[in-house]
Each structure stands twice: as C-alpha cells, then as structure tokens.
Amino acid sequence: MIRIVLFLVLIALAAAGAAWMADQAGDVTVTWGGYRFETTLGVFELAVGIAIVLAMLIWSLLLALWHTPGRVRRGRHERRHARGRQAITRGLLAIGHGDAAAARMHADVAKRLASHDPLSLLLHAQSAQLDGDRAGARAAFTSMAEREDTRLLGLRGLFIEAQRADDALAAVAIAEEALKIAPSSTWASHAVLGFRCAKGDWDGAMKILDNNLESGLLDKRAYRRQRGVLLTARALELEKVDRDRARENIIEAVKLAPTLVPAAVLAAKFESEAHQVRRAMRLVETAWLKQPHPDLADAYAHVRLGDSARQRLVRLETLASKTPNHIEGALAIARAAIDAAEFTRAREALAPYAGDPTQRVALLMAEIERTEHGDSGKARAWTLRAVRARHDPAWTADGYVSDRWRPVSPVTGRLDAFQWQTPLASLPSDKGTTIESSPFEEAMLAPPVPRREVTANESLGEPRHESSAETVAPPATQDNLPAAARAEPAESAQASSAPQPSGAEPAQPPRESPPPAGPAPLFRARADLGKTQGAPIPPVIPILRAPDDPGIDDDSPNDEFVEQVGTPKVQAGGWRGFLARWGGS
C-alpha cells in the first residue's frame, strides 16, 4: 500500500515538473564544431530524456552480455545440483525400504553430481553399510570426519563401525574425541561412561557423570541414582582391600540411592559390624519395602551376630510382615524355619506356592522332606518338579541374566541396567505349553510309594551256615493288600506255590523271627493263614554252579567212573549206563 502511494506521488511530481517546464518560454542553442542547433526549451528537455533512456537501455544490454557466461555456468551448476539432490532423496528412500542396489546406484549418481554435499557423503556411507561394504563405509565416514561441518557425524559413523568390528579400544578413542568436540554428545558420553565402568575407573566415570549433569543430559534424580550405583560398585571392589574407604563409599551410596539392593546389603553389613543394629535394620527395611530380595532377607537375619536360628526366624517373620503375600517373604521364612528345625512353620510358609512352585520353592520343599523325615523319594520328586518349575527372579539387563548384581550392562554398557525380575525366557506364554507331559513323566513326578529295601545287614541278621550246596529259590512277589482282601488269593497261592529248594535232607518249617526294631520288613507274615506243617519236599541234586555254566568243577574228582552222588535226572546210555547199573546192583 505504501509503495502504491509513493508511486502515485512520484508521478504527480513528474507531471507537475513537466507542466512547469512547458509553461516556461525560451530557446536553446547548441553549437558543436561547425554545427549549430536551435530549438525550444520543451523540445530540448524531451530530447535529453530520450537520450537518457537510450543510454540506460544500452548499458543494461551491455551488462547482460557481460554476465551471460556466468549465468550459464550458474544455471548448469544449479541443474546439476538439483539432479544430485534428487538422487540423494531417492537414495535415502531406497535405504529406508532396504533396496541396496538402488541405494548404491543413486549414491554413485549423487557422488558424481554433488560430491561436496554432506548428504551425498552420508548416502554413500549408508549405502555401503547396507551393502556390507565395511571398508567403503569407513572411507566415507573418514571423509566426513575431516570436514568441519560433518565431523561429529563422521565420528559417530566410525564409532559404529568400530563396534561392529569388535574393536573396543578404537570405539572408545573415537568417542573420547567426539566428547572433547561436543561435551553434550549423548552417545559419546554413554560410550565413554560404559567403558570406564567396565575398566573399573570409577573416578573417571564420576567425572563423566558430573559433566552430564552440567550439560543437562541428566536430571538431579537420575544423577543421584547413578552416582549411588558407581559408589556401590567401588565399595564392593574395595570391601576386601580397604574397608574404611569401602564403608565411606557405601554410606554415601545408600544416602543417594536408599532402595539400591546391593548398597543396602553392604551398608547393613558394615553397620552390623559396628554394632549399629537398629540402623542396619532400617536400611534393609527401606530397601525391602521397595523391592523384596533374598540378599536383603539374609542381611536382616544376620544383622545381630551370634543370634540363634529361632531368633533369626522371628526377625524374618517381622520383615516379611511388612510386605504380606510376597513370595520372597515366604521363602525367607521357610529358609529360616528349616535352619531352626521348625518344619511345620516352613511348610505353612510355602503352602500357598506349592501348587505352582518356582524352582526355589520346589528345592526348599525337597530339603524339608529330606531333613525332616529322611524321605528321599519325596525329596527326589520335588527335585524333579524343580527342573520343570518356573524360574525365580534374577538380575537381568538387556536379556542378559547374571548371578550377581553389576553396575553396567555387558550388552549395551548402560549404567544401572540390572533389574531384579523374572527373565523374559521363563515368562508364561499365552500359546500354552509347548511340551505336553506324558503319563510316564507324571508317574516320575508323583511321590513314590514308601518301600522297605532289604539291606545286606538285614539279610544277614541270623548267622550264616557254611555248606557245600547252595539253594536257589524262585523270586517271590510282595503282597501289600489288606488281610481281608488277600484271604482267598492266598489260599490258591499256597496250593500252587513253587517247590522250595533244600539240601539232601527235608527242609524244616520256617521259624518265627522276632519283631524288627525298625520299619516293617519287605515280606510280612500272613496273619490270616495258620502256620501248618508243610509236606516234606523230596531231596534234589544240589546245584554246585549255575545251570548254564558249562565249566569244569576243580573241586570235584575228574573220574568218569566215580560213584554218582544222588540219583541222576536222566539215565545214561551205552556202556557207561551198563557199568553204572551193574555197579549199583
């Protein structure tokens, strides 16, 4: 609007000036060499205006001709750059949907048309990564690291390539260089912090942590937690080397992170050794309310040195009451009850979890059966159930399961990554069980029927009589039915029983043995049958060796005409039979 007003004002002034000049009377005479020009003032002003306009047009034409080569070069460069940008765009899209061949083709076009464009270098590096060309990717990232505007991006790419090549030293060196250039770089700070923690350089790790707080990468709460983790790791390392420094570090750590389980356990241990029992109990209770843990229960049980097993049981019952219906409390009570020989209390604590036990529950039940009753059968059954039972919580970080707490994850190097939780591989699935249990496995997992094994000492309870002839008896079966149920089958079994072997003389009826002091024997006496005198069994030839042994008896005479002992089962034929019959007569 303002421009329109100014334009109209200028036109009005020009019209007023032209009208004023037209009203002025006079002549203009121009003498140049031998020429003389005379005209009026208005015509002269018109000629001067036309001359100025023509001069301006000529000057503009000359300038246009002068700048034409430059404009042609700029136009060609712009068209080339536009084609390069188009190739970069298409190449990045090809990388996005995983087309390595198209990405490589567009990267070559972009490198030819826009070789100095940072995005062209990035496209070339990423296409090389997608194609598996590690050397080409490193060369592209090295070129980017040499430029001022893409240095951090190039260092980041070289860091990733060093990680893929498992070159930890090169990766850390690159990350430290990037951290010097940009102290607020998240990936460089994370990499250097993880490396220093893995190397045990806790002072250097704390410097990185302070730098992250100043750079705004961490808030105050996360800083306190991570510093507590580092102090706890250093205290655990110094526990057996410098106990004074370890105590100072763990006290500071438990103030910064009171719910950190290893910090609370170690601090309670030091306070217990200093006879600060109440303070140690408070530390454990604070961490227990946040996350019940077996190490906390163990530290709470032994917080006062010299207590009996029953006193530890009472103390753990108090701790478990703070988190009712939690399995860790029940496991802690059961463990203390077993140590105190309070097996009934241990069974009561584990009863809510015995239907679907975890591995620790099944193992504790096996220990109860073995310790209380000496029942190895039930203990073995619980142990078999522990094999297929659900896993208990463990220290887990990024899919890695550890038997102890660690300050950093060995997978990603992340600080304070370990959490006390059930591993993902053991969580229940909505797909149902993959392997169905067979009847054989169910029978194996079921508690076995108690049975009495005949030991060597019991079988040799009576003095053994030496004889040259051994007796062989057919195997007998055990009858565990009630007396009323086995009355009728017993009579038929008595009539059809196999003959008992004996020596040369008839066997005597079995004597009634005195009642055993221990459990009932494997073969019990029949209370429903009378003890009648059995018919004498005819003598048989004593067996001096196994029936299928064709060997030679060294103790017997090696004479074929010797008199036979007893009556042979089969009459010999030929002259041997004749001599035998003749000699017998």
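## Exercises: aromatic pairs and a charged patch

Phe159 counts as buried, with a relative accessibility of 6%. The model is a predicted one.

**Exercise 1.** Classify Trp187 as buried or exposed.

*Solution.* Take its relative accessibility: 18%. Buried means under 20%. Therefore Trp187 counts as buried.

**Exercise 2.** State how many aromatic pairs the structure holds, then classify the pair of Phe159 and Trp187.

*Solution.* The structure holds 3 aromatic pairs. In the pair of Phe159 and Trp187, the ring centres are 5.1 Å apart. The planes meet at 45°. Stacked needs under 30 degrees, and edge-to-face needs over 60.

Now place the partners. Phe159 sits in helix α6 (residues 151-164) and Trp187 in helix α8 (residues 186-199). They are 28 residues apart, so this pair links distant parts of the chain.

**Exercise 3.** Describe the pair of Tyr400 and Phe418, and the exposure of each partner.

*Solution.* The centres are 6.3 Å apart, with 80° between the planes. That angle is over 60 degrees, so the pair is edge-to-face. Tyr400 lies in strand β4 (residues 400-402), and Phe418 in the loop between β4 and β5 (419-421). The two are 18 residues apart. Tyr400 is partly exposed at 31% relative accessible area, whereas Phe418 is buried at 2%.

**Exercise 4.** Find which helix gives the most to the positive patch.

*Solution.* List the members of this surface patch: Arg71, Arg73, Arg74, Arg76, Arg79, Arg80, Arg83 and Arg112. Helix α2 (residues 41-96) gives the most, with 7 residues. Arg80 lies in this helix, α2. At 39% relative accessibility, Arg80 is partly exposed.

Key. Residues numbered from 1 in each chain as written. Predicted model: local features only at pLDDT ≥ 70, side-chain atom pairs only at ≥ 80, totals over all residues. Heavy atoms only, no water. Phe/Tyr/Trp six-rings, centres within 6.5 Å; stacked < 30°, edge-to-face > 60°. Helix = DSSP H or I, 4+ residues; strand = E, 2+ residues; numbered from the N terminus. Buried < 20%, exposed > 50% of the residue type's maximum accessible area, 1.4 Å probe, protein only. Patch = residues over 30% accessible without salt bridge, like charges linked within 9 Å, V, L, I, M, F, W, Y side chains within 5 Å. Areas by Shrake-Rupley, 256 points an atom, 1.4 Å probe, with all protein chains shown as cover. Salt bridge = Lys/Arg side-chain N within 4 Å of Asp/Glu carboxyl O. Lys, Arg positive; Asp, Glu negative; His and termini not counted. Charge placed at Lys NZ, Arg CZ, Asp CG, Glu CD.
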